[in-house]
Amino acid sequence: MCSAVYVSFYYVIILTSIKLVANQDNCFGNNQIITTSTSCSSNADCGFGICEQNHCTCTVLHGYNVNSTTQLCTENVNECACDEHDCNENAICNDDEPLGKLGEKFQYKCVCKSGYTFEENSDTNCISIDECSSNPCGDAELHSCIELEGDSFFACNCSEGYFWPGLNAGDTECINIDDCENNTCPTNSECKDGINSFTCECHQGFSGIQCTDIDECLTDVCDNYDSCNNTVGSYFCGCKDDYEKTESGCSETRMASLLSLASLLSLEGIIIVAVVIFATLLVFAGLAFYKFVIKKPKIEK
C-alpha cells in the first residue's frame, strides 16, 4: 500500500513539473530533459523521445516536448519563441518541424533581414551587405555611393548634370539630365543633349546663332553653269535658254543646234555655198580638159 502511494505521489510530481515547464510554445526552459509518466519498452513507444528506465523521456536535443494528453514526446518546440536559437539581431528565426532523429539538435532556420547576408561559414550570423562594392550608381569617378542601414540599402550622390531615380525606379544608376527638355533651339535646328549642357545644331543649308538660310550662290557652286538660284536651305544651278544641264555644265539643246544650222542657210550663206560648189566644178573641169584635150593620148597604127 505504501509502495502504491509513493508511486502515485511520484507521478503527481512529474505531471506538475511538466505543466510548470511546458508553456504555450512548449519551451523547455532551463530543463534539458523531461521525464513523462508514460511507461515504455522501447523508443518507439515514446513518439520522438527516449525510453529510459521504462519511462519516456523528452529531450531538448530532439526538438519535441511532452504532449499533455498522450504523455508522449510529440509536441514540437518553437525554438524561435522560446529563445532557444542562435540567430543574431540582423536575422529572423523561422521554426521548422524537427525530423525527430535521435541525437539531432532542435530545428530552426535563420533568415537574414533585407539588406543583410550570412557571414562567411555561418548560418546564424547576418551582416550588412556592401551594395556599394559593385558601383551601382554608375561611373565611380563621377558619382559616389552611400551605404544605408535598413531597407533603403544605399543612395547615390550624382555629379552635376545627373540625377538618381531611386531604387524603386528599377534603374539604380545616375542618369544624365536631358537639358534639351527645358531648352528651345531656333527653327531649322536640332537640340543635342550634353553633360549638364546642350547645343543647337543647324540643319543643312542653315547657319549662325539663329540658323538662318545660307546663300550658296555667294560662293562658286555654279561655276560651270549659267546661273545660280538660292532656295530655303538649298540652291540649284540653271542654264540660259536653249541650253540644258549636264554633269559638266550647260550644253546646247538639239533643237538649238538645228536652228543654228538653219541660220547659216541665209542669202549670204547660199552665195558662199554656191561659190564653193562652182569652184569645185571648175577644178574638176580643168583636170578633165588637160587629160583628154591637151594631153591627148596617142593612137597606134
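Okay, let's start with Lys192, which is partly exposed at a relative accessible area of 33%. On that scale, buried means under 20% relative accessible area, exposed means over 50%, and partly exposed is in between, using a 1.4 Å probe and protein chains only. Before I go on: this is a predicted model, where local features need pLDDT of at least 70 and side-chain atom pairs count only at pLDDT 80 or more, while totals for chains, interfaces and linings use all residues. Residues are numbered from 1 along each chain as its sequence is written, and side-chain values use heavy atoms, with hydrogens and water left out.

So, what does Lys192 form a salt bridge with? With Glu190, and the closest N and O atoms are 3.5 Å apart. The cut-off for a salt bridge is a side-chain nitrogen of Lys or Arg within 4 Å of a carboxyl oxygen of Asp or Glu. Glu190 is partly exposed too, at 41% relative accessibility. A search of the whole structure finds one salt bridge.

Now the inside. A nonpolar core here is a set of buried Ala, Val, Leu, Ile, Met, Phe, Trp, Tyr and Cys residues joined through side-chain atoms within 4.5 Å. The largest one has nine residues, including Cys80, Ala91, Tyr108 and Cys126. Strand S6 (91–95) and strand S7 (108–112) each supply at least two residues of this core, and S7 gives the largest share, three residues. Strands, by the way, are DSSP runs (E, at least two residues), numbered from the N terminus. There's a second, separate core of seven residues, among them Cys132 and Phe154.

On to the rings. How many aromatic pairs does a search of the whole structure find? Two. Rings of Phe, Tyr and Trp (its six-membered ring) pair if their centres lie within 6.5 Å; planes under 30 degrees apart are stacked, over 60 edge-to-face, and the rest tilted.

Phe48 and Tyr64 are stacked, 4.2 Å centre to centre with 20° between the planes. Phe48 sits in the loop between strand S1 (33–39) and strand S2 (50–52), and Tyr64 in strand S4, 16 residues apart. Phe48 is partly exposed at 30%, whereas Tyr64 is buried at 3%.

The other pair is Phe154 and Trp164: their centres are 6.1 Å apart and their planes at 45°, so this one is tilted. Phe154 lies in strand S11, and Trp164 in the loop between strands S12 and S13. Here Phe154 is buried at 7%, and Trp164 is partly exposed at 25%.

Key: Helices (H or I, at least four residues) and strands (E, at least two) are DSSP runs, numbered from the N terminus.
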